[in-house]
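Biologist: Take me through this model, please. Start wherever you like.

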Amino acid sequence: MAIFQKYFLAIVPEGELQEKATALKLELKEHFNIKYALKSPAHITLKMPFTYNEAKEDYLIEKLQEFMIDYSPLELTIGGIDTFGNRVVFLKVKGNDDLYQLQTNLKTFCKRELKLNEELSDRNYHPHMTLAFKDLKKNSIPNIIKVLDLQPIFEKIAVRQLFC
């Protein structure tokens, strides 16, 4: 019997940016008891969660590594706070043509090579790094933004690989 696991594809920054984003999440936990976003490292999602046969995980990783061979390091700029309505607070990722092309090509690749369904989020791609969601109370968003603005982040990163 096949066992299906959830996977998603993302850019996971390392080093100082990861530390700063985690510190902001911890700050939100301390001030607002928001902790759901601490369950995963700060990341920029390229493909939303999908189910895939766990027995074929090696194949999935191999195919994604083959896909990434054609990509040189991608330069991204992260900084500033924004929201998706009352649902999500995030760090802005300045989307450049290279990032959008990577995501578009990945979407096509996933559909063709991995037989994954195209999701609405695949068609309406908005790169970001989530700092708070799910346990976020909408009336606290203005105060959350004030706290986050006290510790501004502005970083440039070079992306060399995807994480699954």
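**Helix packing**

Modeller: Helix α2 (residues 57-68) packs against helix α3 (residues 97-113) at an angle of about 140 degrees, and their axes are 11 Å apart. That makes α2 oblique to α3 (under 35 degrees is roughly parallel, over 145 roughly antiparallel, 65 to 115 roughly perpendicular, the rest oblique). Axes are lines fitted to C-alpha atoms, for helices over the stretch in contact, with angles from 0 to 180 degrees between N-to-C directions.

Biologist: Before going on, what kind of model is this?

Modeller: It is a predicted model, in which local features need pLDDT of at least 70 and side-chain atom pairs count only at pLDDT 80 or more, while totals for chains, interfaces and linings use all residues. Residues are numbered from 1 along each chain as its sequence is written, and side-chain values use heavy atoms, with hydrogens and water left out.

Biologist: Is K63 buried or exposed?

Modeller: K63, in helix α2, counts as buried at 14% relative accessibility. Buried is under 20% relative accessible area, exposed over 50%, partly exposed in between (1.4 Å probe, protein chains only).

Biologist: What does K63 touch?

Modeller: F109, E113 and L114 are in contact with K63, not counting residues up to four places away in sequence.

Biologist: At what angle do α1 and α5 cross?

Modeller: The axes of α1 and α5 cross at roughly 135 degrees and come within 11 Å. The two helices α1 and α5 are therefore oblique to each other, and their crossing is right-handed. On the α1 side the contact is made by L24, E27, L28, H31 and F32, and on the α5 side by N143, I144, V147 and L148. Those residues of α1 and α5 divide into six nonpolar, two polar and one charged.

Biologist: Zooming out, how many helices and strands does the chain have?

Modeller: There are five helices and six strands in the chain, and their order along the sequence is β-α-β-α-β-β-α-α-β-α-β. Helices (H or I, at least four residues) and strands (E, at least two) are DSSP runs, numbered from the N terminus.

Biologist: Why call the chain as compact as a globular protein of that length?

Modeller: The radius of gyration of the chain is 17 Å, close to the 15 Å that the globule rule gives for 164 residues, so the chain is as compact as a globular protein of that length. The radius is taken over C-alpha atoms, and the rule is 2.2 Å times the number of residues to the power 0.38. Along its principal axes, the C-alpha trace spans about 45 × 40 × 25 Å.

Biologist: And what share of the chain is buried?

Modeller: Buried residues make up 39% of the 164 residues. As for contacts with a separation of 6 or more, 81% are between residues 24 or more positions apart.

Biologist: Where is T77?

Modeller: T77 sits in strand β3 (residues 74-84) and counts as buried at 15% relative accessibility. Aside from its neighbours within four places in sequence, T77 contacts K92, V93, K94, F154, E155 and K156.

Biologist: Now backbone angles. What is phi of N33?

Modeller: N33 has a positive phi of about 55 degrees although it is not a glycine. N33 is in the loop between α1 (16-32) and β2 (44-53) and is partly exposed, with a relative accessible area of 48%.

Biologist: And K134, what is its phi?

Modeller: Phi of K134 is near 50 degrees, a positive value in a residue other than glycine. K134 lies in the loop between β5 (128-132) and α5 (141-149) and is exposed, with a relative accessible area of 60%.

Methods: Contact means heavy atoms within 4.5 Å. A crossing is left-handed if the near helix is turned anticlockwise from the far one by less than a right angle, and right-handed if clockwise. Ala, Val, Leu, Ile, Met, Phe, Trp, Tyr, Cys and Pro count as nonpolar, Asp, Glu, Lys and Arg as charged, and the others, Gly among them, as polar.
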